[in-house]
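Me: I would like to go through the terms used for this model and see what each one rests on.

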Amino acid sequence: MSLSHYFAALLSGAGIGFTVAAPIGPMGMLCIQRTLASGMASGLATGFGAATVHLAYSAFAVLGLGSVAQPWVEANAVGFGFVSALTLLWFAARTHRASAALQDGRTIDNVDLARAYLSAIALGLTNPLTAILFLAALHAFSTQSAAPPLIAGVFVGSAIWWAVLSTMVATARSRLTPRMLSLSHRFASLMLLGLGTTMLIRIAQRML
């Protein structure tokens with residue numbers, strides 16, 4: 001594979017990863033809330049968890065497994081959606097109970113970051129819409145010879161978005177008063193609650 005072909009595939013993957021990650025949905029709200037609550041490191045850990053899920057989906061798609069996995073994901077979308085909705089409601093409850101005090105980013109240890117990373121992976125893997133969109137998008141771009149740079153590009157593009165989002169929120173966080181932070185916690189919990197409830201309603205409508 002020529003160098004130009006390699007970079008073209010890398011850029012295509014980065015564009016897909018950035019485009020899929022950028023819309024503010026459940027993962028975006030979780031990244032914002034964690035950055036506000038605990039600092040940029042926690043937000044980055046959450047975002048990189050999402051980027052890892054995108055990496056896994058892209059590997060499935062470009063290696064020719066997308067056509068096999070997509071029907072299975074669609075057939076089990078109700079189950080995945082139910083688990084994802086419950087996960088969002090759990091995050092909403094935790095956010096509501098969380099302390100509104102500003103935390104020094106240096107107090108966040110590796111265990112906290114690992115939990116943020118792994119919980120983001122869990123939420124990403126149970127979101128059927130992300131899986132379906134990724135498998136459909138990557139299948140259109142998949143070529144066996146360009147698979148490695150395309151997969152790497154997806155992770156890079158997704159990670160760039162999460163780094164940008166975490167940086168912007170962390171910059172705003174430095175200007176927040178404790179009261180403003182408390183209000184942001186309440187807003188984030190309401191948004192997560194709304195997303196989880198909306199998902200449950202859609203699942204109920206689909207089952208009826």
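**Terms and values**

Reply: Glycine 47 is part of helix H3, where a helix is a DSSP run of H or I with at least four residues, numbered from the N terminus. The model is predicted, so local features need pLDDT of at least 70 and side-chain atom pairs pLDDT 80 or more, while totals for chains, interfaces and linings use all residues. Residues are numbered from 1 along each chain as its sequence is written, and side-chain values use heavy atoms, without hydrogens and water.

Me: Why is glycine 47 called buried?

Reply: Buried means under 20% relative accessible area, against over 50% for exposed and in between for partly exposed (1.4 Å probe, protein chains only). Glycine 47 has 0%, so the residue is buried.

Me: What makes H2 oblique to H7?

Reply: H2 and H7 pack at about 40°, with axes 9 Å apart. Axes are lines fitted to C-alpha atoms, for helices over the stretch in contact, and angles run from 0 to 180 degrees between N-to-C directions. Under 35 degrees is roughly parallel, over 145 roughly antiparallel, 65 to 115 roughly perpendicular, and the rest oblique. The pair is therefore oblique.

Me: Which residues of H7 meet H2?

Reply: Trp162, Leu165, Ser166, Val169, Ala170 and Arg173 in H7 do, contact being heavy atoms within 4.5 Å.

Me: What is the span of H5, and what is expected?

Reply: The expected span is 1.5 Å times one less than the number of residues. H5 has 16 residues and reaches 22 Å from first to last C-alpha, close to the 22 Å expected.

How values were computed. Helix = DSSP H or I, 4+ residues; strand = E, 2+ residues; numbered from the N terminus.
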